Amino acid sequence: MKASDLLKETYLALVANKARSGLTVLGIVIGIGSVIAMVAIGQGATSSIQSKIQSLGSNLISVRSGAQRGPGYQISSGRGSAQILTEDDMKAIQNEISLVQSVAPEVSSRYQVTAKGTNTNTQVVGTNPSYSTIKNVEIAEGTFLLDQNIKNMSKVAVLGPSVRDDLFGENAASVIGKTIRINNIEFKIIGITKEKGDSGMNNQDDIIYIPLSTAQRFLIGNSYLSTIDIQIIDQDSMTLAQEQITSLLLSRHDISDSTKADFSIMNQADIVESASSITQTLTILLAAIAGISLVVGGIGIMNMMLTTVTERTREIGLRKAIGAKRSDISTQFLVEAMMLTIIGGIVGIFFGWLAAAIVSKLDITATKVSPLSVILAFGVSAIIGIVFGYYPAKKAAKLHPIETLRYE
Amino acid sequence: MIECKNISKIYQSGDESVAAVKNACFKIEDGEFVAIMGPSGSGKSTLMHILGALDVPTSGEYFLDGKNVSELSDDELADIRKNKIGFVFQSFNLLLRATVLRNVALPLVYANVPEEEREKKARESLKNAGLDESHFFHLSNQLSGGQMQRVAIARALVNNPSLILADEPTGNLDTKTGEIVLESFQKLNKEQHRTIIIITHEREVAEHTDRIIHLRDGEIVEDLKITK
């Protein structure tokens, strides 16, 4: 039997039972569609988390004061104001480690901030101009902190858009030049940062930047740093740089046992990796749940094919009587099952893609339908056709011509 | 040419064995028109299955055109049915959702006849079976019983088989239509010298043929040429 004849036979057989074929295909459509949609949502979430973390600065290593106690456990920031990291440490890192491109100091704490009649509680970061390049802070209006602000200990502030909205309202005209009070000290606004969005860990828009010198002198009252942000020249040198920074700081702090370090060091690549691994696990979990419906759809195919074989027993007998071999019969039924799953697969891919697009459109989460998941879904649906069509096809082929002709 | 040498078919049910056909010996020459007759349970269907290469005998040898069919595998039997035998069944066994032409062309699909030739052969075959051209594109379930059986005859003819086997071809038809169907068989035999075997339990049907092989309890009790 030629392929074109086989397809024609298959088409006629499936069309003869439109409702049943349609319902059976629906099972596969739902299975494949949900796998595609789930994987798209999972992968979209992964890449959006990755890009948000990347937006906090690339090739970034952060050194924080305070030891790391056990994996992932950061010492409380109550002692975080601990007097450990100094500006000399930062200068040493910059001057002695060649892989370092630039560094920025950070002191940060939460303060009550007031403007005319409004107030908010937000994070205030004291830092240097280099911070903006390292951490990808972009300015929407005005300027970021300038070198002269640091030198003069100016009482100036750069506001995140959320802070501005909280203090001056969303529809406020330009606030540059207006004043706010941080811890009852008056600061002049010199810039507003561009909106970055919530990275999931901390909101980069709900923040106020002031000169490091000003923060140390007027707010914190000492000259220690809470964090040193370090940008490394390229991605490949991250691990090496991390090791060099660690040993430099250990020797500067006279600590010989690295497990007793009084600082913790975080590599941005590690953060990206651990965040991605969480979402990837979730993706697999979602896809596995969706996969169950695919199996149920496959059982639906098998059920329909078994019914079909029984119903068409006489037809099978006739085909055998006019010269069909076992393989002709089994191929015919197998192709019928595969046709159902492949049609289901194609329609399912379309609906899965549609569902993913709707989820994106409604801003629930970003989605990404990868070509690989489409190819995989298509392959899986064909395989389901073979797996669940094999037994009914075999059963049909094994029927004895005489018994099938007599079958009522 | 058909030659049966001592054909027996024994069915085993539990400890008991039942011989459906016992030591059948006969020859049918090319161009003969034969009836195999007997009451139900006489073994005539079993014999037809063996002659039609749907089954093999338990013992004995069956030669079709000089080839020993009694020892072939399933797939080889399928080839014999495809190339040498045309079946006509009591219940027609047409594909109901397919057109008349498609039904008739179906054996050609399995014989890998190119698509262009199929329709030509099917049309020719339908004319030989006496079906009017106006029905060619009807679905087979829109036809009357007599028309259906003529479609089935056309399907049996389309592969140009050495042997046409008709199992109770008039069993589902009224007398008048049955008569027309039997006349088409006679015509095919006289004009095209087709070898035709009709299996029936009715003497009136058997008498349309030239020779009656009478079966009773699995044995041939009478083999008689009819002179008209």
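In this predicted model, chain B meets chain A through 21 of its own residues, which are in contact with 19 residues of chain A. Which elements of chain B give two or more residues to that side? Helix H2 (74-84) and helix H3 (100-110) of chain B do. H2(B) gives the most, with 6 residues. Sorted by class, the side of chain B that touches chain A has 11 nonpolar, 3 polar and 7 charged residues.

Now for the sheet in chain B. Strands of a sheet pair through backbone hydrogen bonds, either parallel or antiparallel. Here you'll find an open sheet of 6 strands with mixed pairing, and its order is S6-S7-S8-S3-S9-S10 (chain B). Where does the sheet end? Strand S6 (85-88) and strand S10 (219-225) of chain B are the edge strands, and each pairs on one side only. Direction ignored, neighbouring strands are turned by 15° against each other on average.

Zoom in on S3 and S8 of chain B: these two run parallel, and 5 bridges join them. One residue pair to look up is B:Ala35, whose bridge partner in S8(B) is B:Ile198.

Helix H5 of chain B lies across S6 and S7 of chain B, and runs at about 170° to S6(B).

| Strand (chain B) | Residues |
|---|---|
| S3 | 33-37 |
| S6 | 85-88 |
| S7 | 163-167 |
| S8 | 196-200 |
| S10 | 219-225 |

Methods: Residues numbered from 1 in each chain as written. Chains lettered and ligands numbered in written order. Predicted model: local features only at pLDDT ≥ 70, side-chain atom pairs only at ≥ 80, totals over all residues. Contact = placed C-beta atoms within 7 Å. Helix = DSSP H or I, 4+ residues; strand = E, 2+ residues; numbered from the N terminus. Nonpolar A, V, L, I, M, F, W, Y, C, P; charged D, E, K, R; others polar. Pairing = 2+ DSSP bridges. Axes fitted to C-alpha atoms, helices over the stretch in contact; angles between N-to-C directions.
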